[in-house]
Amino acid sequence: MDLLVTYDVETVTPQGQRRLRAVAKICEAYGHRVQKSVFEIVCRDPDKVRLVAELQAVIDPVRDSVRIYRLPASALDDVEHLGKPRAVDPRGPFVI
Amino acid sequence: MTELLNTLYVQTPGTSLHLDGDTVRVFHPDQTGRRLLPLVRIDHFVVFGGVNVTDDLILRCADDGRSISWLTGNGRFRARTVGPTTGNPLLRQAQHRVADSVEQRLQIAVAMVAGKIHNSRQVLLRTARDTSGHRQVALRASAELLAERLGLLGTAASANEVLGVEGIAARDYFAAMPYLLTESKEWKASGRNKRPPTDPLNCLLSFLYGMLRVAVQGALEQVGLDPYIGFLHGVRSGKPSLALDLMEEFRPLLADRLALTLLNRRELTRDDFEALPNGGYRLTDGGRKSVLGAWQQSRQRSWQHVQLGREVPGALLPLVQARLLARHLRGDLVAYQPWMVS
């Protein structure tokens, strides 16, 4: 499935900055960063469950907000993009 | 639809791969910025010469059951790391018993070669359909010849004889290669040769067979079969006979056709190959990158699978066939059915 994950983590305190890094790290493990706090993720159902659980465990439910949009099938293959090019195609071949 | 996991191909010399949390960090001294790839999306690494993989990453992959294959620039297999052997002793015992039984071995060998010859014929006939004149005649004649070879399989009395028929059929099939190339003047197809491949087409075939072998051997290990105990190819130390066996039915459609398409559509040019002093040919770095991209793309394509009654992506075909083979060895299926397209 295709997911779009966006987050706001309050970073006024050192704990907040730590949480921000933790959230970013979790998202990096599942998908590709397309903007500062926006990730595109292609994953299987169990991965999504794991992702949600991991995020749940690190955020502060009062101060932070994470939104996970489930997109229609293959929606990430059809993205209009302006400006700086996106680094990777989430479903494309990984050839380096 | 289930999401396919990806294979990460790393071919740029000087690149190093590091473990960073649950991601792979790709580092190259000439490129700035952090490049991270999620490990959860990758089920296999294919690494070419001049690339460093840190031991952290190797061990993490071994723990997760993700394999890493090391290949030369030409696609020749060099090494592979996997985690601990999985506990599937009953299947392995069954495999050894079948390998020791002359009759059962013969039956599987015949099925595998029949699959290969059938699929080779499909390559010829499909191309014949889109051509005309002497090329069409030649291709149809070769397909007819292969159909005869298919008949020979019925009379084979041992796996060795089956291998002989396979050899004859392969020679007939490669003899028809020039008619499969629309730019045959430019690419000069002349049968199959290797070590070293002496023309670009053979160089490309060798490379794609290398990729196929990695995929097939990985699938066998995933299912818990021993890639070194084969039925068609004889058992010899250091020779992954079963991987070679299972590759046969995939070669024509998954590798040969891709090679022909790349050359016929001019997606590869002479500049993508370099001639070596020993008369052989090798892909350039740029050429290899194009081929890997095309290979990975072609693996997404779905193929009809008659036994399963549904479409299966090319990337999963080796795994599906390895499972069918395992079921046959365990005695759940009366016969092994190769993957054949109609």
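Tutor: Two strands are said to pair if DSSP finds at least two bridges between them. The model is predicted, and the description below should be read with that in mind.

Let us begin within chain B. Strand β2(B), residues 16–20, and strand β3(B), residues 23–27, are paired over five bridges, and the sense is antiparallel. One position in this pairing is D20(B), which stands opposite T23(B) of β3(B). The two strands make a hairpin, with two residues between them. In the turn, G21(B) has a positive phi of about 65°. Strand β3(B) also pairs with strand β4(B), residues 35–38, in the antiparallel sense, this time over four bridges. Here R25(B) has L36(B) of β4(B) as its bridge partner.

Five strands form an open sheet, and their order is β5(A)-β1(B)-β5(B)-β7(B)-β8(B), with mixed pairing. Its edge strands are β5 of chain A and β8 (77–81) of chain B, each of which pairs on one side only. Inside this order, β1(B) and β5(B) are paired in the parallel sense over five bridges, and V10(B) stands opposite V47(B) of β5(B). The link between the chains is made by β5(A), which is joined to β1(B), residues 6–10, by two bridges, the strands running parallel. At this link V95(A) has Y9(B) of β1(B) as its bridge partner. As a general point, side chains in a regular strand alternate between the two faces of the sheet.

On the side of chain A, 18 residues touch 30 residues of chain B. The two chains bury about 2000 Å² between them, and 59% of this lies on carbon and sulfur atoms. Within chain A, the residues that lose the most area to chain B are F94(A), V95(A) and I96(A), which together account for 40% of what that side buries.

One salt bridge is counted between chain A and chain B. It joins the side chains of K25(A) and D20(B), with N and O 3.0 Å apart. Two elements of chain A, α1 (14–28) and β5 (94–95), each give two or more residues to the side that touches chain B. By class, that side has nine nonpolar, three polar and six charged residues.

In one of them, the rings of F48(B) and F207(B) have centres 6.0 Å apart and planes at 15°, so the pair is stacked. The pair links distant parts of the chain: F48(B) belongs to strand β5(B), residues 42–48, and F207(B) to helix α8(B), residues 200–223, with 159 residues separating them.

Technical notes. Residues are numbered from 1 along each chain as its sequence is written. Chains are lettered from A and ligands numbered from 1 in the order in which they are written. This is a predicted model: local features need pLDDT of at least 70, side-chain atom pairs count only at pLDDT 80 or more; totals for chains, interfaces and linings use all residues. Side-chain values use heavy atoms; hydrogens and water are left out. Contact means heavy atoms within 4.5 Å. Buried area is the accessible area (1.4 Å probe) that two parts lose on being put together, summed over both. A salt bridge is a side-chain nitrogen of Lys or Arg within 4 Å of a carboxyl oxygen of Asp or Glu. Ala, Val, Leu, Ile, Met, Phe, Trp, Tyr, Cys and Pro count as nonpolar, Asp, Glu, Lys and Arg as charged, and the others, Gly among them, as polar. Rings of Phe, Tyr and Trp (its six-membered ring) pair if their centres lie within 6.5 Å; planes under 30 degrees apart count as stacked, over 60 as edge-to-face and the rest as tilted.
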